[in-house]
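Below are my notes on the model, as numbered points. Please read them with the structure open.

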2 protein chains.
Amino acid sequence: MIDQRVLPHELRIDRWADAHDAVMGIADMTVRGAPLIGVAAAYGLALAARVDATDDALRRAAEVLAATRPTAVNLVWALRRCVDSALGVSIAERPPLLRGLAEQIADEDVEQCRRIGLAGLALIEERHRRTGQPVQVMTHCNAGRLACIEYGTATAPVYLAQQAGIPVHVWVSETRPRNQGAALTAWELADRGVDHTLVVDNAAGHLLMHGSVDLVIVGADRVAANGDTANKIGTSLKAYAASVAGVGFHVALPWSTFDPSCPTGAAIPIEERDPSEVLRFHGAAVAPAATPARNWGFDVTPSAYVTSFLTPHGIVDPGEMLTVFERHHPRV
Amino acid sequence: MIDQRVLPHELRIDRWADAHDAVMGIADMTVRGAPLIGVAAAYGLALAARVDATDDALRRAAEVLAATRPTAVNLVWALRRCVDSALGVSIAERPPLLRGLAEQIADEDVEQCRRIGLAGLALIEERHRRTGQPVQVMTHCNAGRLACIEYGTATAPVYLAQQAGIPVHVWVSETRPRNQGAALTAWELADRGVDHTLVVDNAAGHLLMHGSVDLVIVGADRVAANGDTANKIGTSLKAYAASVAGVGFHVALPWSTFDPSCPTGAAIPIEERDPSEVLRFHGAAVAPAATPARNWGFDVTPSAYVTSFLTPHGIVDPGEMLTVFERHHPRV
């Protein structure tokens, strides 16, 4: 596991020996990103099964793993899938089955991201054919391979374009207050040799209005049935500016991020985080002691400002999301 | 002079003894903000005249003072006014005349800001009458009394509302990359006991769409004849989000900031600053060594997204700015 807490200055690989390592590594954000957390939890359960694979022991291990991060849907989804499968076989068969299942979940994540990437690659190819110039992509936060296993969601089209030999350049927003753009997205693009430039979040309007961006691609934390999109705080500001500038604004997501039970963005709860993330930077106070702060982690971009969704089943119009989802996820 | 470089953690008052102190203090940004720089330069010239008030000496002192900050229009304007007046009287009369002129320019600045404040106060009063609630103002960067002598431009309506007993709360954006919101606006509001909350720039969309902002008031660095407004990078993102949310977006400015010779925002040069302001924070790198950055200091908000201008002659529609300016500044 890459220790994401020490990026971008150090590439430290943690080796997890037992389930306790997995619990600690997810809880302390050594690993972050919803898809990656699901995979990490599955491996954690496989490690637990090597010690004790009885029903009670597995259920207890899954509970502890699930409690590490309360909001990540993928975590609960992956653990339930693993426990359900394990309980169907003998205790002796469980350790290899769980190990195989963790590998399968990781492989599925890679394939989902690759298909999301193909959807976005079509947009990049089309743009490059038309202009002959390097394609300028703007993103926000980190919805990259660090948050997944490979490709990422928002970054998948960029990596596939690079593989296809299409010149591409990414505008990376630093993403205050936790700076995931500067620390994670910049790191993973630099690591793969993808041309990119760091800017402050405030620069998006200037870049979009000066023709410096061909398309905006962001990830999502939850997408409502009508296409309203919750993502890292500041995402909606890029969507509004893209709309004014006439630039396409695209949301890349696996289907696990789509929530058909949530009718609109108004029903999505917005997590409020510790104000110290705003008031301090690397431990140093940035404001007077008398100044309070508020720190919402996400905002909702109204469906009307999303040009398209990039999904494992291709490019989908916001108004068509529920229909396409139900086609591929029939109720049983 | 308040040393703005050590705010918000320390209130250090510098006493300037001679013109050299003024030159250094303006150049090293002990003082910043276009109106304040004009006043500081006028005092610097008055200090120079106490040593040598001959024509050559005054002209030389004015040249050195003017060279401290190349883009601040008020600096050149104030120095020209002082030199022209001084050359019209005897050498012996010059030191007291220049001292008096510096005081006059400072007093004029206070009065301009007070009148800008009255224009904005009308909007705040109207809102408070209608809702009976504290009026929620969002601002960007520091267009406050630290940038002027008193009141500020964007903050003047807030201070006048406070004096009038109208409850008001200010959402202060930290204003990356130089954090003037967190360091300066938060400090001056805290210092006067004005209720305020610090947020990251990314939070503007969330706040505007949730009814948490009654009006946005920002300053300006240059306003073109058609009302296009150059201001601190990120200003336009607030304007676009305010438009989507149906919240008024107001630009506060003295007439010295209006440039009738500039037809539209496309003619306003946008300063690009050192990338290290983006790549480092308090000396610590925030991105990998291989990551480059760009750092534009300003962006242009199109006139169509400005609800009104708050001027020393009241509230002015964007389309009326040139007419109102010419009425009060007849060509000679």
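Predicted model: local features only at pLDDT ≥ 70, side-chain atom pairs only at ≥ 80, totals over all residues.

1. A:Asn179 sits in the loop that runs between strand 2 and helix 7 of chain A. Its phi is positive, about 60°, although the residue is not a glycine. With a relative accessibility of 10%, A:Asn179 counts as buried.

2. A:Arg176 is placed in the loop between strand 2 (168-173) and helix 7 (180-191) of chain A. Buried or exposed? At 2% relative accessibility, A:Arg176 is classed as buried. Leaving aside neighbours within four places in sequence, its contacts in chain A are A:Asp201, A:Ile233, A:Glu277, A:Val278 and A:Phe281. From chain B, A:Arg176 is in contact with B:Glu174, B:Arg176, B:Val200 and B:Asn202.

3. The charged partner of A:Arg176 deserves a look. A salt bridge links A:Arg176 to B:Glu174, with 2.6 Å between the closest N and O atoms. Between chain B and chain A the count is two salt bridges, and 16 residue pairs are in polar contact with both residues at pLDDT 80 or more. By class, the side of chain B that touches chain A comprises 36 nonpolar, twelve polar and five charged residues.

4. On the extent of the interface: each chain is represented, with 53 residues from chain B and 53 residues from chain A. About 4,200 Å² is buried between the two chains, 71% of it on carbon and sulfur atoms. In chain B, the residues that lose the most area to chain A are B:Asn202, B:His206 and B:Leu237, together 17% of what that side buries.

5. On symmetry: chain B is superposed on chain A by a rotation of 180° with 0.0 Å of shift along the axis, at an RMSD of 0.1 Å. That is the relation of a two-fold axis. The same surface serves both copies, since 100% of the contact residues of chain B recur in chain A.

6. In chain B, the bond joining B:Arg176 and B:Pro177 is cis, with omega about 5°; B:Pro177 is in the loop between strand 2 (168-173) and helix 7 of chain B. In chain A, the bond from A:Leu7 to A:Pro8 is cis, with omega near 5°, and A:Pro8 falls in the segment before helix 1 (19-27).

Definitions and conventions:
Residues numbered from 1 in each chain as written. Chains lettered and ligands numbered in written order. Heavy atoms only, no water. Least-squares fit on C-alpha atoms with pLDDT ≥ 70 in both. Contact = heavy atoms within 4.5 Å. Helix = DSSP H or I, 4+ residues; strand = E, 2+ residues; numbered from the N terminus. Buried < 20%, exposed > 50% of the residue type's maximum accessible area, 1.4 Å probe, protein only. Buried area = accessible area lost by both parts, 1.4 Å probe. Salt bridge = Lys/Arg side-chain N within 4 Å of Asp/Glu carboxyl O. Polar contact = N/O pair within 3.5 Å; in protein donor to acceptor, adjacent residues only side chain to side chain. Nonpolar A, V, L, I, M, F, W, Y, C, P; charged D, E, K, R; others polar.
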